[in-house]
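The sequence and the model are shown first.

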Amino acid sequence: EWFTLYCRDKAYAAFVDDLFSLYHEEDETPPSDEVVDWVLGSTVWTKMMLDQNWKGPRVTSDDEGGLRLSWREGDRELRAIVPADLSRRYLYWQDGANYGGIPNFGSATLYLSLERLNERVR
C-alpha cells in the first residue's frame with residue numbers, strides 16, 4: 001500500500017525517501033525493518049485521510065533501531081516515538097505550555113493528532 005502511495009504522491013514520497021535515507025547514515029544505527037514497516041503502515045492511512053493537509057515529518061533515528069517523527073507548527077509540536085520495542089511507542093504533544101502523551105498509538109490516533117495540529121493553523 002505504501003509503495004502505491006509513494007508512486008503517486010510527491011509529499012509522501014519525500015517522507016519515505018527521508019525514512020529510507022536513515023539506512024545510509026554513518027555512525028547511526030538504522031531503524032529495524034519491523035519499525036519501518038509499522039511506520040509505513042500507519043502513515044499511509046493518515047496521509048490518505050489528511051490528503052493535501054499532510055506535511056511530512058522530520059524523521060530521525062533513535063540510534064537503537066527505532067524512529068522519531070516530528071511535526072511543528074509555531075509553538076505546537078507533535079512527536080511520534082516508535083522504539084524498536086513497538087509496544088512502547090507513544091505520541092508526545094505540546095501546545096505552548098501544555099503537553100502530554102498518548103501511549104501505544106495507532107494510525108487513527110496519529111491522524112486525529114495531526115488533524116488537531118492542522119486545524120489551529122487554518
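Two strands are taken to pair if DSSP finds at least two bridges between them. On that basis, Ser70 has Arg79 in β3 as its bridge partner. The coordinates discussed here are those of a predicted model.

**Overall architecture**

The protein chain contains four helices and five strands, arranged along the sequence as α-α-α-β-β-β-β-β-α. Its radius of gyration is 14 Å, close to the 14 Å given by the globule rule for 122 residues, so the chain is as compact as a globular protein of that length. Along the principal axes, the C-alpha atoms fill a box of roughly 35 × 30 × 25 Å. Of the 122 residues, 42% count as buried. The accessible surface comes to about 7,000 Å², and carbon and sulfur atoms contribute 46% of that area. Among contacts with a separation of 6 or more, 46% are between residues 24 or more positions apart.

The five strands form an open sheet with antiparallel pairing, in the order β1-β2-β3-β4-β5. Strands β1 (58–61) and β5 (98–103) are the edges, each pairing on one side only. From one strand to the next, the twist averages 15°.

Strands β2 (residues 67–73) and β3 (residues 76–82) are joined by seven bridges in the antiparallel sense. Six bridges, also antiparallel, connect β4 and β5; Tyr92 has Gly101 in β5 as its bridge partner. The hairpin of β4 and β5 has two residues between the strands, and Gly96 in this hairpin takes a positive phi near 65°.

Helix α4 (residues 107–119) packs on the sheet and touches β2, β3, β4 (90–95) and β5. The direction of helix α4 makes about 165° with that of β3. Ser113 belongs to this helix. Is Ser113 buried or exposed? Its relative accessible area is 9%, and since buried means under 20%, Ser113 is buried. Beyond its neighbours within four places in sequence, Ser113 is in contact with Leu78, Leu91 and Ile102.

Thr4 lies in helix α1 (residues 2–8) and is partly exposed, with a relative accessible area of 49%. Thr4 and Gly106 are 102 residues apart along the chain, and their C-alpha atoms are separated by 21 Å.

A search of the whole structure finds eleven aromatic pairs. In one of them, the ring centres of Trp2 and Phe20 lie 5.5 Å apart with the planes at 70°; planes over 60 degrees apart count as edge-to-face, so this pair is edge-to-face. Trp2 is in helix α1 and Phe20 in helix α2 (residues 10–21), so the pair ties together parts that are 18 residues apart in sequence. Trp2 and Phe20 also belong to one aromatic cluster with Phe3, Tyr6 and Tyr23.

Tyr12 and Trp54 form a tilted aromatic pair, with 6.0 Å from centre to centre and 50° between the planes. This pair links distant parts of the chain: Tyr12 is in helix α2, and Trp54, 42 residues away, is in the loop between α3 (33–50) and β1.

| Residue | Relative accessible area | Class |
|---|---|---|
| Trp2 | 27% | partly exposed |
| Phe20 | 27% | partly exposed |
| Tyr12 | 0% | buried |
| Trp54 | 5% | buried |

Conventions: Residues numbered from 1 in each chain as written. Predicted model: local features only at pLDDT ≥ 70, side-chain atom pairs only at ≥ 80, totals over all residues. Heavy atoms only, no water. Axes fitted to C-alpha atoms, helices over the stretch in contact; angles between N-to-C directions. Contact = heavy atoms within 4.5 Å. Rg over C-alpha atoms; globule rule 2.2 N^0.38 Å. Buried < 20%, exposed > 50% of the residue type's maximum accessible area, 1.4 Å probe, protein only. Areas by Shrake-Rupley, 256 points an atom, 1.4 Å probe, with all protein chains shown as cover. Phe/Tyr/Trp six-rings, centres within 6.5 Å; stacked < 30°, edge-to-face > 60°.
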